[in-house]
Amino acid sequence: LAISFIATISTSFLVAAIRATQRPILPNPLIAILSAILFPKIIKIVLFYLQLAIIRFKFGNPMETIALFGGSFDPPHIAHEAIVKALLNMEEIDKVIVMPTFLNPFKSQFFAPSELRLKWLKEIFSDYKNVEISDFEVSQARKVPTIESVKYLLKKYKKIYLTIGADNLETLHKWKNYHELQELVTFVVATRESVEIPENFVQLS
């Protein structure tokens with residue numbers, strides 16, 4: 001309720017400021033259109049960060065920096081295990097969270113059921129220290145965009161290194177709320193090939 005109240009007050013001030021301008025920079029109809037489009041998005045972002053601030057105030061600042069390694073893992077194989085080992089060798093990372101999808105947002109079906117893929121991963125990494133297998137997306141029983149999983153984890157962890165394969169680079173701009181995702185994580189690209197890595201991305205060796 002407190003968050004909603006703050007958001008409402010903030011919006012009211014913005015509207016009042018625009019209406020109080022004697023010589024608006026933009027025509028009134030254009031202001032109305034921009035307000036209708038932008039205000040809901042602005043409020044959504046404000047609500048998220050206010051909620052995050054309240055959680056951190058209540059439970060304390062999260063201490064761990066994690067690597068999030070998501071994917072279908074259909075099935076998990078030796079390359080996936082090698083990526084986790086490489087992530088654990090990064091000094092910046094305290095823990096690796098492996099998160100299988102219920103269903104990849106860009107796919108229409110899977111080979112092995114999500115619960116079975118989750119079981120396989122738990123067996124493979126059962127003896128690994130600082131590796132957690134998360135059922136967050138599987139438990140949703142639907143396609144879960146990466147940004148939703150990232151926001152869920154940011155309630156508990158301080159910083160996230162998001163691990164992707166080099167094959168994702170070409171379509172990364174199609175991911176839901178990609179530009180917002182860029183602000184929330186540091187991308188780590190797992191590749192053995194000599195590929196051009198975008199600025200601010202980390203190459204996993």
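A residue is called buried when its relative accessible area is under 20%, exposed when that value is over 50%, and partly exposed in between, with a 1.4 Å probe and protein chains only. By this definition, 37% of the 205 residues of the protein count as buried. The model is predicted, so that local features need pLDDT of at least 70 and side-chain atom pairs count only at pLDDT 80 or more, while totals for chains, interfaces and linings use all residues. Residues are numbered from 1 along each chain as its sequence is written, and side-chain values use heavy atoms, with hydrogens and water left out.

**View 1. The helices and strands of the protein.** The protein has seven helices and six strands, where helices (H or I, at least four residues) and strands (E, at least two) are DSSP runs numbered from the N terminus. From the N terminus on, the elements follow the order α-α-β-α-β-α-β-α-α-β-α-β-β. Of the contacts with a separation of 6 or more, 70% come from residues 24 or more positions apart, a contact being heavy atoms within 4.5 Å.

View 2. Six strands make up an open sheet with parallel pairing, in the order β3-β2-β1-β4-β5-β6; two strands pair if DSSP finds at least two bridges between them. The edge strands, β3 (131-133) and β6 (202-204), each pair on one side only. Neighbouring strands of this sheet are turned against each other by 25 degrees on average, direction ignored. Strands β1 (residues 65-71) and β4 (residues 159-165) run parallel and are joined by five bridges, and Phe-69 stands opposite Thr-163 in β4. Helix α6 packs on the sheet, where it touches β1, β2 (95-100) and β4, and its direction makes about 155 degrees with that of β4. For such angles, axes are lines fitted to C-alpha atoms, for helices over the stretch in contact, and the values run from 0 to 180 degrees between N-to-C directions.

**View 3. The largest pocket.** The volume of the largest pocket is about 770 Å³. Of the 32 residues that line this pocket, Gly-70, Gly-71, Asn-104, Asn-168 and Trp-175 are the closest to its centre. The elements that give two or more residues to the lining are β1, α3 (78-88), α6 and β4. A pocket is an open set of points on a 1 Å grid over the protein atoms alone, where a 1.4 Å probe fits and protein lies on both sides within 12 Å along at least five of seven lines, and lining residues have an atom within 4 Å of a point. Grid points are joined across faces, edges and corners, and the volume is the space filled by probe spheres set on the points.

**View 4. Val-144 and its contacts.** Val-144 is found in the loop between α5 (136-140) and α6, and it counts as buried because its relative accessible area is 3%. Not counting residues up to four places away in sequence, Val-144 touches Leu-103, Pro-105, Phe-136, Glu-137 and Ser-149. Val-144 and Pro-105 are 39 residues apart in sequence, yet 6.6 Å apart in space, C-alpha to C-alpha.

View 5. Thr-101, in the loop between β2 and α4 (114-124), counts as buried because its relative accessibility is 7%. Beyond its neighbours within four places in sequence, Thr-101 is in contact with Gly-71, Ser-72, Ser-114, Arg-117, Glu-137 and Val-138. Tyr-152 lies in helix α6 (residues 146-154) and, at 40% relative accessibility, counts as partly exposed.
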